[in-house]
Amino acid sequence: MFFNLITHEKLSTSHGRSELIAFFSTLCALLYHVCVLVIFGILRVYPMFFFNIFSVSLFTVLLVLIPKHQSYVLLYLIASVEVTIHQIFAEYCLGSYTNFKFFIFMMGTLPYLVFEEDFKISAIFTSITTLIFFLLNFVHFKTRYVMNPNVLLSFRMLNIILSLTMIIVVILIYTYVVHTIEVELKKHGENLEKEIRLAAFIQQNFYRHDNVEIEGWDIAYYNRPLAGVSGDLYDFYESKDGTKGVGLFDVSGHGISSGLVTMLVKNIIQQEFSDRQDLELWEIMNIINDRVIAEKGKIQNYLTGILIRIKGKQLEIVNAGHPYPIVFRKGLQKALFLEKSHEFSGGSIGIAGFPAYYYSQYVTFERGDEIILYTDGISDSENRDGERFITKAFMKIISDIYTMPAAEQIKCINRSLKAFREGEISDDMTMIIMRKK
């Protein structure tokens, strides 16, 4: 019956482990009482002999009841009372040298394993048995029966052996449980890693843009996810009348959940940009916000972003709570932030119940001018002194490399960013450079 209890299903649940430990403890107690019953009979210690007849009967009944009960509180209480009375009575008969009281202490430690899901009950059991144990240490019983010292030593050794056996078995049980959990976690981690790689592959193909060409503009982009699947969304659009557009968005959070939101948002933005060229871009952004809120349902992720519509050398730009783009003016030989120019402009995308105000900025670019879009994974990178990349380094690099093609500028910025920051990246990183030809 005991070996039938040792199954993976039993060991993988707290109730199953409680049943196993309760059953094993009761079985040890039964075998122990059978042994001392025989010994006390041989030694003619009749008070303990008759008491152990009761104990053997009691633990036999408990052994049968354990697999049938969902709660072991009552059964454990009965066993604890018997053990306490038995050990006190045994020390009274044979003397404190036998150290029976350590069984009482052991009964106070087991509840935390038997009642894994109810530590309040365990605390009560442990408190009571610990108190009894310490009180007994101040009481010394003399031997009521004259016996050979070797007999008393045998009792003492038997107590130690039984206690160590129970401790070792409990350790083995939980060692097996920990090992099993580690194996399952490793397997789960490998499966999750495969799923992330697959999700990243699907996302990369979903976002793929081969040979992005917009007349009059040199365009390059870069994306590096933190964890395979990116929460950054970069995209290029074309409306039905041929008007081109660029978008860069950053979904809150990391990993698969934010990556799935980017795929939802990508379709919404593409549809609205393509179908609503009769509206200003800020109006389109309002529609996008309403659709994202409605279609993502209870998903908590929101996003910031920048949406651009290209009309010749003029860009219509809407910033929805995103880091300010950087504009480099060739004539001024200077890089500047393109800050929001309207007092009511602001708000992210996808936050229900939160007012969002979007505003279209119209910016004209001459030959050699460029605009740099980026996510906070780049701008918020810090060096060992706590200085953010956006403060000085980013602006200086742009001013130094403006003569290069956009693709070469991306490479230079990445090299500089890698040398600037400390350690690994902590967020998805995306950057788009648009340079007027």
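Tutor: Let's start with a term: a helix here is a DSSP run of H or I with at least four residues, numbered from the N terminus. Keep in mind that this is a predicted model.

Student: Thanks! In which helix is His-86 found?

Tutor: His-86 belongs to helix α5, which covers residues 73-94.

Student: Is His-86 buried or exposed?

Tutor: The general idea is that a residue is called buried when its relative accessible area is under 20%. His-86 has a value of 1%, so it counts as buried.

Student: With which side chains does the side chain of His-86 make a polar contact?

Tutor: One partner is the side chain of Asn-52, at 3.0 Å. The other is the side chain of Gln-87, at 3.2 Å. Leaving aside residues up to four places away in sequence, His-86 also touches several others, including Tyr-32, Met-48 and Phe-51.

Student: Now the nonpolar core. How many residues has the largest one?

Tutor: In soluble globular proteins, nonpolar side chains tend to be buried together. Here the largest nonpolar core has 42 residues, and Phe-40, Phe-59 and Met-166 are among those with the most contacts inside it. Helices α3, α4, α5, α6 and α9 each supply at least two residues of this core, with α3 giving the most, twelve residues. Apart from this core lies another of 26 residues, including Ala-335 and Met-431.

Student: Which residues make the nonpolar surface patch?

Tutor: Its members include Tyr-97, Leu-153 and Ile-168, and the patch is about 920 Å². Ile-168 sits in helix α9, residues 149-207, and counts as partly exposed at 48% relative accessibility.

Student: And how many salt bridges does the structure hold?

Tutor: Side chains of opposite charge can pair when their charged atoms come close. This structure holds eleven salt bridges. In one of them, Arg-291 meets Glu-295 at 2.9 Å, N to O. These two are four residues apart in helix α11, so about one helical turn separates them. Both also take part in a network of salt bridges with Glu-272 and Arg-276.

Student: Which residue forms a salt bridge with Asp-369?

Tutor: That is Arg-329, with the closest N and O atoms 3.1 Å apart. Asp-369 is in the loop between β8 and β9 while Arg-329 is in strand β6, so the pair ties together parts 40 residues apart in sequence. Asp-369 is buried at 4% relative accessibility, whereas Arg-329 is partly exposed at 22%.

Student: Where do Glu-370 and Arg-435 lie?

Tutor: Glu-370 is in strand β9 and Arg-435 in strand β10, so this pair ties together parts 65 residues apart in sequence. Their side chains meet in a salt bridge at 3.6 Å, N to O. Glu-370 is buried at 0%, and Arg-435 counts as buried at 19%.

Terms used
Residues numbered from 1 in each chain as written. Predicted model: local features only at pLDDT ≥ 70, side-chain atom pairs only at ≥ 80, totals over all residues. Heavy atoms only, no water. Patch = residues over 30% accessible without salt bridge, like charges linked within 9 Å, V, L, I, M, F, W, Y side chains within 5 Å. Areas by Shrake-Rupley, 256 points an atom, 1.4 Å probe, with all protein chains shown as cover. Salt bridge = Lys/Arg side-chain N within 4 Å of Asp/Glu carboxyl O. Buried < 20%, exposed > 50% of the residue type's maximum accessible area, 1.4 Å probe, protein only. Polar contact = N/O pair within 3.5 Å; in protein donor to acceptor, adjacent residues only side chain to side chain. Contact = heavy atoms within 4.5 Å. Core = buried A, V, L, I, M, F, W, Y, C linked by side-chain atoms within 4.5 Å.
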